[in-house]
Amino acid sequence: MPPAPAPRAPPMVKGVAAHLSARRHRSLPLSRGKSTGMLLPALLLLAPLVAFLAYDPSGFWSARVAQHAFSSGRYEEASQGLAAALERRPTDVTLLKQYGIALLAGERREEALHSFERAVALDPTDRHAARMAANALASLGARGGAATNGDPARLERALRLDPRRPDLYLSLGALLLSTGAKHRAREAFARAVELAPDEATTYLSLATVQLSLDDVAATRQSLHSATLLQPSSLAAHTTLFLLGPPSLAGADALHDALIAQQSHDSYRATLAANLVHATRRNGVTSAAGRLSPLRVEGYAVVDSLLGAEMCDALRTHAQRELRPLQTRGTVGRHEGMVQQATRSDMVLRLPSDLLKWRLSDSLVDAIGRLRVLFAEIHAELLQLWPLHLPFPYPKEELMYACYDAGGFYSRHVDSARRTSAAGEGAPAVDRMFTAVYYLDGTFEGGELRLHLQGAEAEGEQDGRIDLPPSMDRLVIFWSNVSHEVLPILTPGAIRCAFTQWFSSVLTEGE
Ligand SMILES: O=C(O)CCC(=O)C(=O)O
Ligand SMILES: [Fe+2]
């Protein structure tokens, strides 16, 4: 098929005419003074040349003018000139390639692809044309990313044109993975590894799909290759470590990667730091063991975390210094979500920078210990977590909440539920786990009641379990489990706790 005809007159004709008319204007005054008798024969001599140039049978001028336009960034003009040249030389492979490039530069990808494919059809041995066609296909095939309008078939066609392209296999693998075609994705990534055996990121991609296919041995091998190629790869070291069994050597490798990376704010660096810390502090055997009931039961209870002395210091200082700063806890719209509940507690969110409050050293110290505890809980939580799913992450500030006698929090869920009012843009996943650290339990009532079977089974049948608060106790449960705080029955009692939510990182920046 010939290229689309240019809508306007080819600029070549205008260009040459303008050029000639400029020359005429410049030369006429000069020649007038001398001999006007010479002008006519000169013009007569020039006429066939003007006619020839305007006719431009070979498309030579069109191409030259277009190339000039292209190098000045006037892509629309360049593609028009090349289209004009191609009308005269429709089988010129070089022109077809140039035309394609001009179209690409003007974001006219489909037409560019068409031009490159024509070039390939005319000369199947032209590697350059094949590569350009493959690039155009790939950029069209991978467009829109994941599930929207990416087209694996186009990437596969690109690979038939230009088969030794690890980058194309990587795009294809990512696209296939996003559509759930895991086995085909694994093939694509494996091919990318074959073609680029020195690229750590390629091994990481392969590891991701191997993990999602539960092939732990192969995942480990790929991650190991990635760490050999890129010893500071936090992604590889963290995942290897999480695959377990946890070891101090693994924690040290992770620590080294962390230092090498010097990135203290990224999500993965925070996670790595937590893991190293938890492993070194708790030893290698206990890691994750404390939270393992969470997987089966939906909740876990862990006692004796900070020690009685530290917990007591935290309780008394927090009551003295933080309670005056509390405000009434609210229910209702939060992050576009609606919770149906009533509550009577007073709450306070702890800023990451405690210096802006004038707190005693004892309280700052105790809160620091508590934060380390939650960081360890985070690390242990991740050791239970399927690595190919979005990680839970402590996105929100720590909350200090207190209930006085008679206080309660009616049945609710903490996780963000998409409501019709919240609309399509609202996050589909938000809080994943709720972890509550209790400071005291010397009162009647105030139990945390979990309804593990959800709303389908009402009353006694809904899997209810009552967990009484007690000093230095942590309870962690899935945030989508409905739960309530039963009324505190002892007059004069205060029930205080610190809560940390772990949320899906998927909702960040989306
Ligand atoms: O303090 C508790 O036991 C749970 C509190 C709670 O459900 C909440 O703050 O969302
Ligand atoms: Fe809650």
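Colleague: Hi! Which side chain does Arg108 meet in a salt bridge at 2.8 Å?
Modeller: That's Glu111, with 2.8 Å from N to O. A salt bridge here is a side-chain nitrogen of Lys or Arg within 4 Å of a carboxyl oxygen of Asp or Glu. Keep in mind that this is a predicted model, where local features need pLDDT of at least 70 and side-chain atom pairs count only at pLDDT 80 or more. Residues are numbered from 1 along each chain, and side-chain values use heavy atoms, without hydrogens and water.

Colleague: Is Glu111 buried, partly exposed or exposed?
Modeller: Glu111 is partly exposed, at 34% relative accessible area. Buried means under 20%, exposed over 50%, and partly exposed in between, using a 1.4 Å probe and protein chains only.

Colleague: What about Arg108 and Glu76, what do their side chains do?
Modeller: They meet in a salt bridge too, at 3.4 Å from N to O. This pair links distant parts of the chain, 32 residues apart: Arg108 sits in the loop between helix H5 (93–105) and helix H6 (109–122), and Glu76 in helix H4 (residues 75–88). Helices are DSSP runs of H or I with at least four residues, numbered from the N terminus.

Colleague: New topic! How far apart are Arg191 and Glu194 in helix H10?
Modeller: Three residues, so about one helical turn separates them. Their side chains meet in a salt bridge at 2.8 Å, N to O. Arg191 is partly exposed at 26%, while Glu194 counts as exposed at 54%.

Colleague: And how many salt bridges are there in the whole structure?
Modeller: A search finds 24.

Note on methods. Chains are lettered from A and ligands numbered from 1 in the order in which they are written. Helices (H or I, at least four residues) and strands (E, at least two) are DSSP runs, numbered from the N terminus.
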